Amino acid sequence: MDRTEGFGVYIDRTLKKVQSTFLQVFAENNIDLTIEQWVILQRVQLEGKEASQADIAKSNFRNRATTSRVISGLCKKGFLRKSRFRDDQKRYKLVITDEGSALIKQVMPFITDLRKVSTLGITEEEFEIFYKVLDQLWENFDQYEGRS
């Protein structure tokens, strides 16, 4: 049997488990967010004053339409505000509201705990190898997509 047979199933299974666990914790703690909303909200916080919708889409490997839909949901909930950059009217600037900042503070202890739980029984070296393997898989498929 080919040693790579079925590795996609393992990746998909793990991703689904991670997502369902995060959503369970959100639901148990009355956090009204999807995983994509959380990822974008946190990314906007990390980007700071220069957070743009286009950059957020690129950094999360999502298309602009999906990113726009998620951002609209966060704006409707009052967690983000969207405006234009002064020097570039074509780009949308994203700003976290006070409600969004409060939500991040509420959610971070759960995220920190979930991250700790995720690495139980895994050494730092093993985790670095895991990242290296994921990066190499990405590169291999990225190069494949470029083939004629």
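Predicted model: local features only at pLDDT ≥ 70, side-chain atom pairs only at ≥ 80, totals over all residues.

Entry: α1 and α5. I looked up helix α1 (residues 7–28) against helix α5 (residues 98–118) and found a packing angle of about 145 degrees, with the axes 11 Å apart. The crossing of α1 and α5 is right-handed. I listed the contact: α1 supplies Thr21, Phe22, Val25 and Phe26, and α5 supplies Val107, Phe110, Ile111 and Leu114. Sorted by class, the contact of α1 with α5 holds 7 nonpolar residues, 1 polar and no charged ones.

Entry: I checked the length of helix α2, which covers residues 35–47. Its 13 residues reach 18 Å from the first C-alpha to the last, close to the 18 Å expected. I then asked which residues of α2 are buried. They are Gln37, Trp38, Ile40, Leu41, Gln42 and Val44. After α2 comes Gly48, and I read a positive phi there, near 75 degrees.

Entry: α2 and α4. I looked up the axes of α2 and helix α4 (residues 64–76), which come within 10 Å and cross at roughly 85 degrees. Angles of 65 to 115 degrees count as roughly perpendicular, so I put α2 and α4 down as roughly perpendicular to each other. On the α2 side I found Glu36, Gln37, Ile40 and Leu41, meeting Thr66, Thr67, Arg69, Val70, Ile71, Gly73 and Leu74 of α4. By class, I noted 5 nonpolar, 4 polar and 2 charged residues in the contact of α2 with α4.

Terms used. Residues numbered from 1 in each chain as written. Heavy atoms only, no water. Helix = DSSP H or I, 4+ residues; strand = E, 2+ residues; numbered from the N terminus. Expected span 1.5 Å × (residues − 1). Buried < 20%, exposed > 50% of the residue type's maximum accessible area, 1.4 Å probe, protein only. Axes fitted to C-alpha atoms, helices over the stretch in contact; angles between N-to-C directions. Parallel < 35°, antiparallel > 145°, perpendicular 65-115°, else oblique. Contact = heavy atoms within 4.5 Å. Nonpolar A, V, L, I, M, F, W, Y, C, P; charged D, E, K, R; others polar. Left-handed = near helix turned anticlockwise from the far one by under 90°.
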